[in-house]
Amino acid sequence: MGNWVVNHWFPALVIAAWLGINVFLFVYYFLMFDMDEKFYYTREILGSALAWARASAKCLNFNSMLILLPVCRNLLSFLRGTCSLCRRTMRKQLDHNLTFHKLLAYMLAIMTAVHTIAHLFNLERYNDSQQAADGSLSSVLSDLHQDGSDKWLNPIHSNSTTPAYVTFTSIPGLTGVIITVALILMITSSMEFIRRSYFEVFWYTHHLFIIYFAGLVIHGIAGLVRGQTEESLKKYSPQHCAQYLVYRDGRSTHHHCKEPEFGGIPAESWKWVLAPILLYVFERVLRFWRSRQRVVITKVVMHPSKVLELQMHKKGFNMEVGQYIFINCPSISVLEWHPFTLTSAPEDNFFSVHIRAAGDWTENIIDAFQQQKPKIPRIEVDGPFGTASEDVFQYEVAMLIGAGIGVTPFASVLKSIWYKFQQADQSLKTKKIYFYWLCRDTGAFAWFNDLLASLEQEMEESGKADFLNYRLFLTGWNNSIAGHAVLNFDTVTDVVTGLKQKTSFGRPMWNNEFSAVATAHPKSVVGVFLCGPEALAKSLQKCCHQYSMLDPRKVKFYFNKENF
């Protein structure tokens, strides 16, 4: 039950709280603008579209305030690594930072659509009221204070002015168009296909957030949507005076009622987003300062399947297992930074990454290091930053699942275990590790073989051969490879990897794997760690729930997924 609460209830409560605040803000401000006497005359022209526009604006401000926080990586690393209040439940929520960032973006898109449509109706109604000559209250209100004063209600002051003209010449209209286009480009370029295949497009368009926030801050400063001023409202209540405005061409004959005066709604967006923007600026300054520190490349290794290994050294660099860094290669692109999981262990006197060719930037950096002409390319590094894999040694039993290059965070974990065995570290809480690696081609196994072979030997010599149970699965194979493996099945080492553990063909039967682990560790807390595709994540999360016992004294599975 505890596992289910952590994996389902707690995230659901967080999302429910966020949605609840959005609903509260929308309903509260909708009713305020739909009922407040201050906007009585404004509603005479705009109707309920006023409330729709203003309520959605408040939700836009709220979500804009939050959207930068999940991508403040230093803040998240601080909360994960140093905050004493961040227990397992809270730390797990930090792993959902990008998911929450996406939810915020979707809410911004929805509220932007509502806000835009409402204002399109508003502009048409402003225009209709200005064009009307029927002596209606909305027509009279549109003609008030058109003598050059700033106490008007209708921003369209001439019959020749069109809604399109106001849209592209006023500050609210023009900034609204700009930030809407920026938001559309950012969201569409974040689609999984584009982000995976054309990372550069995603990277550059996402920096339109600068234009988005700049436009948001100045969007409301012109005060196009107006309400009756407090002074005018105290003297001339619209409930009593509205009926007299339609007489004598808008000039009241009632001695208690005179022409109402109007003022713009003060710009408020900056109040919502100022603190997050300052926090994010500090975040970027810190990243820039760290990235300018000199990085020394100590070793370059080219592995099969076009995987590049870089071993580096940087003064003051401290890491934990499973963390990741951002890498920039100025000779390829000054602006592009790409995330890579660290494959070294904290005990190493260097830090390393493995880079697989998966796009223009990665192919270019691999080619640059293969050629090394006229010299080794300069690298800049930002990080390290925390991930779910940092918690692996907090569990008695750990299941590590890597798909393809997704094995990289577990290379760090397994290397660290190797060091702990060598040093006879008695503080190691973990008693058993199950490691699963799924690869499409045999070449992908090659760069990891040496580490696994060393672990096999080290654990046998230390009398802990049962500590690590690893399974390698070849998901892309043909009859020739399978036949060759069958013919050599009785050999001491595997024909595919050269390891003692035989390679399996196909994909794991996860129900069988979880059932076996649950049976072997009936009273343990099992951490399940994945670096791989979303489809596999869903299957593993389902198994974690299915095989966790309701009894708190029995086996529990906690699911953790890498996100960066």
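1. Glutamate 380 counts as buried in this predicted model, its relative accessibility being 6%, which falls under the 20% limit that the term requires. In general terms, side chains of opposite charge can pair when their charged atoms come close.

2. A second salt bridge joins the side chains of glutamate 283 and arginine 287, at 3.1 Å from N to O. Both residues belong to helix α15, which covers residues 269-291, and they stand four residues apart, or about one turn of the helix. Glutamate 283 is buried, with a relative accessible area of 4%, and arginine 287 is buried as well, with a relative accessible area of 8%.

3. Glutamate 261 and lysine 151 form a further salt bridge through their side chains, with an N to O distance of 3.3 Å. Because glutamate 261 sits in the loop between α14 (238-241) and β2 (262-264), while lysine 151 sits in the loop between α7 (137-143) and α8 (163-169), this pair ties together parts that are 110 residues apart in sequence. Glutamate 261 is partly exposed, at 28% relative accessibility, and lysine 151 is also partly exposed, with a relative accessible area of 32%.

4. For the charged pairs as a whole, a search of the entire structure finds eleven salt bridges. Salt bridges also link Arg73, Arg290 and Asp382 in a network.

5. Strand β13, residues 525-531, has six of its seven residues buried, and it is therefore largely enclosed by the rest of the structure. Strand β9 (residues 397-403) runs parallel to β13 and is joined to it by six bridges; within this pairing, glycine 402 has cysteine 531 of β13 as its bridge partner. Six bridges likewise join β13 to strand β14 (residues 556-561), again in a parallel arrangement, and here the bridge partner of glycine 527 is tyrosine 558, in β14.

6. Helix α21, residues 534-547, contains 14 residues and reaches 20 Å from its first C-alpha to its last, close to the 20 Å expected at 1.5 Å a residue. Its buried residues are Leu536, Ala537, Leu540, Cys543, Cys544 and Tyr547. These residues cover an arc of only 130° around the axis, and so they lie on the same side of α21. The other side of α21 carries Ala535, Lys538 and Lys542, which are exposed.

7. At the level of the protein chain, the secondary structure comes to 21 helices and 14 strands, and 50% of the 564 residues count as buried. Among contacts between residues at least 6 apart in sequence, 76% join residues at least 24 apart. The chain exposes about 27600 Å², of which carbon and sulfur atoms supply 59%.

Notes: Residues numbered from 1 in each chain as written. Predicted model: local features only at pLDDT ≥ 70, side-chain atom pairs only at ≥ 80, totals over all residues. Heavy atoms only, no water. Helix = DSSP H or I, 4+ residues; strand = E, 2+ residues; numbered from the N terminus. Expected span 1.5 Å × (residues − 1). Buried < 20%, exposed > 50% of the residue type's maximum accessible area, 1.4 Å probe, protein only. Arc of directions from axis to C-beta. Pairing = 2+ DSSP bridges. Salt bridge = Lys/Arg side-chain N within 4 Å of Asp/Glu carboxyl O. Contact = heavy atoms within 4.5 Å. Areas by Shrake-Rupley, 256 points an atom, 1.4 Å probe, with all protein chains shown as cover.
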